[in-house]
Structures are given as structure tokens and as C-alpha cells.
Amino acid sequence: MEYFRSGLRTVLGTGQPGSQPTGAETIERLVNRVQTSTLLEDRRDACRALRSLSRKYRLEVGAQGMDALRQILELDKNDTEIISYCLDTLCNITSKDSFDEENEFNGPTNINVGEQFAEMFIKNPENVTLVLGFLEEYDFKVRLPSVKLLTCLLAAKPKEIQDIVLVSPMGVSKLMDLLLESREVIRNDTLLLLIQLTKNNANIQKIVAFENAFDKLFEVIKQEGYSDGGIVVEDCLLLMLNLLKNNTSNINFFKEGSYIQKLTPMFDLPKNIEEIGWSPQKVSNFHCVLELVRTLVSPSNPIQIVSSCQKSMRNSNLLQSLCDILMTAGIPADILTETINTLAEIIRGNLTNQEYFSNVTAPSNPPRPAIVVLLMTMVTEKQSFNLRCSVLYCFQSFLFKNEIGQQQIVQTLLPSSSGSTTLTTGQLLCGGLFSNDPLSNWFSSVALSHTIIENPAQKEQLLRVLLATTIGSQPNSLLHQCTLFLTQTNKIQSKLGILMLLSMWLAHCPQGVQQFLNVPGSMAFLTAQTSASEFDNNEELIQGLCAFIMGLCIVFNDNTIANYNKENLSQLIEKRVGIEVFLGKLGEISRHESYSKASKRPQVKVDNPNELLLEYEFCKLFKALEGVVINALGVQRELSNGNLTELSLSEHENALLLQYKDVIRDQDKRLNEAKKEIELLKNEKVTLTIKIDELQQSYSQLNDSYTLLKAQLSTGATNTTKNLIITNPDDEISEKLKALEIECEEKDEKINALKKDQDDLFELLSDQEVKLSAFKRRLIELGEVIIDPDSDNVSVASET
């Protein structure tokens, strides 16, 4: 400590006897020494002292010494020692973290001093360019603090630093070269820097990818020991994730570069993994590599890229490795869950991969198909919720665009003469469908609905399935049993699951509608639910689904049942429920929060089991058929018989309606005027085009005559013309043509301008019509009916 004090005295000089300079005074003298000293050794000593004080007196060093430090970086860049002191000092004053010495001296503060100094430093982009230039310096004392300083600046102002690096010459290339650095400290810090630099910036992601980033990262992963490696492996995978997420260009580059094959060794597990166990770092590495695989085959990617990646994963044995992990004992629950999700997206929509997965068997006695083992997990109440959700997603993906798989599952439900006692998928689904666990009811209903999506043949086959509730009792059809269970259970999730299954089943299936209508009490239950006026705890969804199924019974009714033909069902809804009430209940589905969540992605994503309400494929069906149901009811015709007029509206509502109509009339008028002006300009354009053609013909004739005269003069055939000055007719004709062409261009510009105005008017008119329609729908929701005075017919909205 005394040595340090003596060093400071050497730098600062000896003060007055008995006086002790304050920290601010000391820093002021040091900064002055840095700026004014002519000797490099003096500046170097002052910078060393500033570095020592920059933690305790960060505010003073940053406020007084920022410019001086920047000056040193520019003027003394050939001296590595003084540059290292400056870079270390800048790292300290721009760091977002607070130091213990700083807190002891100033106490804790809520002001982020480091971020403010970072903002000051990057106000001049040349400062960042200087730091990037120091990355080329091999000296450890310069290269490492340069990386650290860029990391601090990036943490404080990520967007600004990304923009500066992007325009800096070879900025990204200099960083990428550091991934080959033999000194691991620099390489690892560079990895952390690149992870932050590539976030949410597609341009930098593309540059990094084309700088051979994947080759360099896989080389680091190999050196570190693949999934058994340390946190460096996780950092490499996180950087790859940044490069690939939402970047189809890089995904395609990754696929074309045969990098998928390099992922396979990451999934190699020792045979005694159950005895060895999983370290926390290995679990993290596995999570990252599984997320990386899912990024490549995510359903949100273009279909061509997904299909190609799925094929590469099959050919590189990555699919086989995941199936082996699935059937391996001792896998942590969270890894198993994510493995199932990853496997689901690798086989989703790919018939070859789906067929491969259907042939995977579990090492049990007797051997069972992997699908059966997974379904056993899904319908078991004691299993974790996330694991059950992942199994459902895998089963859905297995059946996605897989008619053969759908047929195989339905066949296990049909009567068989083989007498086999082997547990089948059909038995598991039916067991879960009618169990006492509401989650099993929901999972099994959704899983069973996926066996009949876009497959009318399997819908009819499913009608043949017979079930007996007890031994010796008379078997009933599966549809009959589902309807009875629906009327008897009082659990929300159980009802929602069955109702979604019935919706998927009855849509586009007249035979299913016929069988459903024949079930005693089915329509009475639906009518009672739809007409109910009170609800709580998500019962509005149940009432909406019941209304939807009633609508499907009208749309897909073949009128074979006299009491429940289309007309009778429409009258039943009108008299027992009411058209407005029916439409209100139907609209409750799309207005519910769970509908917007479920319709975003095919995978179930909820935090709490109680939030498991609607499912993706049902939302697609509802969106497609809601309007069909409304139109089938003849809503417009029914509502047009109302006696309400604009006189029944409130004064404010009527004023708004009239205002919208005035706007539309004004736009119609302007639109017609624009059309007339366009027609006039078109006629003028035609006239001018005819004139141009005539002038061009005249020009051609005169040009021919001119050529002939020149030929005669050259041969001396015409002596009388030797002394004549022949004027070239080109100039006069060309001027006329140019004038006409300019006039035509002006007319074209006017026409284009008017067309643009016309398009703008059309767009504005469309917007106003949408607002007017929304306003009318809102009035109808309030129980009003609006008659448009500009039309012979009654204008009524068709949606609530």
C-alpha cells in the first residue's frame, strides 16, 4: 500500500505539508498529466493510476477523464501498455455492474453510471472503431480488455453498437477471427460478446454465419467434448441459436452446409448413463441442442426448408438417436419432455419419418410400440403435466397429414376377430376418454379428434366403434357414449374435450350428424346449454361449443331424420334459444382468451393445467365454419324482419351513422369525378398517339426523300442542285415528335396521379365501410336493427 502511495506521489508531485488531496483533486491532476505530459512514461504512469482509482472513483474518472482516455487510444496506439491501462479503465467506468469499492465509498445508488458513460463514449462512433481495431493486436493485455470493453458497451447500448459494428470495415470479421484464439479466456469472452451482438439483428447474423461461424463453433464444441463439455459448449449452442432463429437464410445455409450431421454426436449417450447420472451442465447443453434442432424444423419455417431438414435428420441418424434417448432409462424428466417435443417436430408432416417412428419399439417385455408407451404416459394422472402435453403434441404430429397412421389408430378401435390381449392405442384412448381424471378426458378427446382430421373415411369408420360400459351390458356406439358422458359429467375440461371431439367428428360428416341426432337427449342438452343465461368459470365456452355443434347439425344435415331436419332445427334455435342469443354464444368462443392463445401454434403452451381449454385444430375448424353456420341459419333473412329503424337509435349513435354515410357519399362523388377525368385523359392520350403515328409516317417519308437527294448529289446526277443547301428535315420533325412525346408523358403522369388518387379513395372508402360495418355490428349486439335508407333491402350485420 505504501508503495502505491509513493507511486502516486511520484506521479502527482508532493503537495503542501499536512494537506491530503481529495479523490476528485487527485483524478484532476492525473487527467491533466495525461493530457499535457510530453513524456510517454509520465502519461503511462498517470493512466496506470487512473485505472487503479477507476473502481472506487468511477464517477470522477469518467466525468473528467473520458476525453483524455480517448485521446490516448488515438495518439498512443502503438504502445500496448498504455493502451491496456486505458481499455481497463474504460471497462471499469462503462460497466453496468457496481463495484464493492464504489459502494463502500459512495454507498449504493440507483443511477446506472456505467450506462451513461457508455452512451457518452459511443456518441462518437470512431471510438468504437478504434476499439475494434485493437482486436488485431495479439498482445493479451490489449486484446482481452478490448473484448471486455465491447461487451460492456453492448450491454449498455446494444442497438447502437450493432449499427456501428455493422458499418465498421471488417468489424464482424475481426471478432470472428477471435474464435480461433488459442487463449481460451479471449475465445470464451468473444463467444459471450457474439451472443449479445447477434441478438435480434438479421444482418449481423447473416454476416457471422457466412464468416464460417458454424465450422468454428463445431470445432470448439468438439474440443470441449460435445454434450459432456462445460459451459463453453452451451455458449456455442446459444450463439448458433441466435444465428438460426427466425432467419430462414441461415437455416438454409446450415442445411446446405451439412451441419445437421455434425449435431448427431451431441446425442450420443454412454450405455451406463443411468449409473453415471446427468450433471447440471450436461442438462443445460442438452436443452440447448434440442432447442437448436427444433429451430431447424419449427412449423413456422417455410415448408420446403422444414421438409429438407427433416430428411437430413433422418439420413444423418439424428432421428434414430432421439428415438433411442426416448427409450433409454434414467433420462431426466425435463430432458425427456423436450426430447419428445423435438421428435414431434422432426416427424410432423413427413410421412417417411412418421413411418419410422411407428416402428420404434420400447425395450419392454413383451415389446410395445413407442406410441403405446407414450400414450400410457399421457393418460396416467400421476405423470407431470408438461410431459403429458409433450406426448399429446408428439401424437398429433405423428398423425399430421398421415392418413395411414390415422387408419391404423382407428383400426385398433374397431371389432377384431384375432382375440389379441395386447394393449392398443385405441384401448388407451378410450380408457382416458371416460376416466375420472378431467385432464385425461381432455388429452384423449383431442388425441382421438386428430385421427379423423381431414379424413371423412375414418369419421365413418369411427361410427362403427362399439363400447360397453360394464361387463355384460349392451354395447353402444362411441358417439353415443361420448354424448352420454357429456350430459353426465360436471367437469369443465371433460366437457370441453368431448365437445371439441364432437365438433371435429360432425363437421363434413352427414352420417355422424344423423347418428348424433338419434342419441336420446342430445339436442335437449345442447338447447339447454345454449339458452342458459348464467355462466361462470369458463362455462361460456361450453355454451358456445354447444351452439357451434347445433349449427353443424344444420349445415351437415342430410334431412333423413324428419323431426330434426334443417328447417326444424333452425326453428328450434329461433324459438327456444333466439337468433341473437345463439349468435352471442357462438361469438363467445372467438372472444375468449384461450382461443387467441390456442390458435397461435399447434403445440399446447400453458403454464397451469386449469388453462387447458381449447386446441389449435379446433380453432382452425371453428374459424373456417363459423361463417358457414351463421349463413346456414339465414341470419340476415331472420333479422331483416325486425321493426327497428334508425329512429330507435340514440342521438349520438344516429349522428355517427349519418356522418359515416355523408363521408361515403362524398367519397363516391369524388370517385366518379376522378373516373370521368381519367376517361377524358385517356381519350386525349389516344388522340395524341394517333398524331404521333402520323408524324412518324411523315418523318419516314421525308427521311427517305432526304436520303435520295444526298445520293444524287454524291453521284453528280443532278447538276442544278450542286449549289443548293439542302436542309435536313430531321430537326423540325424531331422537335415536333419530342414536343408530342413530352405532352404524352405529362398526360400519362396526370393519369397515373389520378389513378393513385382513385386507389387512395377506394382504400379510404373500404376503411369507412369496415368502420360502418363494425358500428352496425355493435348496434346489433346492443339489440338494435338498422335499415339502410340508401338501399331497397334491410342491411343487417351477419356477425356479432
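Start by selecting helix α33 (residues 539–555) and helix α35 (residues 579–591): they pack at an angle of about 115°, with their axes 7 Å apart. Axes here are lines fitted to C-alpha atoms, for helices over the stretch in contact, and angles run from 0 to 180 degrees between N-to-C directions. The crossing of α33 and α35 is left-handed, a term for the near helix being turned anticlockwise from the far one by less than a right angle, with clockwise being right-handed. Now show the side chains. From α33, the contact takes Glu540, Leu541, Gln543, Gly544, Leu545, Ala547, Phe548, Met550 and Gly551. From α35 come Phe582, Lys585, Leu586, Glu588 and Ile589. Contact means heavy atoms within 4.5 Å. Colour these residues by type and you get eight nonpolar, three polar and three charged. Ala, Val, Leu, Ile, Met, Phe, Trp, Tyr, Cys and Pro count as nonpolar, Asp, Glu, Lys and Arg as charged, and the others, Gly among them, as polar.

A word on the model. It is predicted: local features need pLDDT of at least 70, side-chain atom pairs count only at pLDDT 80 or more, and totals for chains, interfaces and linings use all residues. Residues are numbered from 1 along each chain as its sequence is written, and side-chain values use heavy atoms, leaving out hydrogens and water.

Zoom out to the protein chain. Its secondary structure comes to 40 helices and four strands. Both are DSSP runs numbered from the N terminus: helices are H or I with at least four residues, strands E with at least two. Of the 800 residues, 48% are buried. Buried means under 20% relative accessible area, exposed over 50%, and partly exposed in between (1.4 Å probe, protein chains only). Take the contacts between residues at least 6 apart in sequence: 71% of them join residues at least 24 apart.

Next, select helix α7 (residues 113–122). Its buried residues are Val113, Gly114, Phe117, Ala118, Phe121 and Ile122. Look down the axis of α7: these residues fall within an arc of 155°, so they line one face of the helix. The arc is that of the directions from the helix axis to the C-beta atoms.

Go on to asparagine 212, in the loop between α13 (202–210) and α14 (213–224). Check its backbone: phi is positive, about 65°, although this residue is not a glycine. Asparagine 212 is partly exposed, with a relative accessible area of 41%.

Jump to asparagine 317, in the loop between α19 (303–315) and α20 (318–326). Phi is near 65° here, again a positive value in a residue other than glycine. Asparagine 317 counts as partly exposed, at 41% relative accessibility. Most residues other than glycine have a negative phi.

Now pick helix α18 (residues 280–296) and helix α21 (residues 333–347). They pack at about 15°, with axes 9 Å apart. The two are therefore roughly parallel to each other. Angles under 35 degrees count as roughly parallel, over 145 as roughly antiparallel, 65 to 115 as roughly perpendicular and the rest as oblique. The crossing of α18 and α21 is left-handed.

Last stop: tyrosine 699, in helix α39 (residues 651–715). Tyrosine 699 is partly exposed, with a relative accessible area of 25%. Draw a distance to leucine 737, 38 residues apart along the chain: the C-alpha atoms are separated by 9.3 Å.
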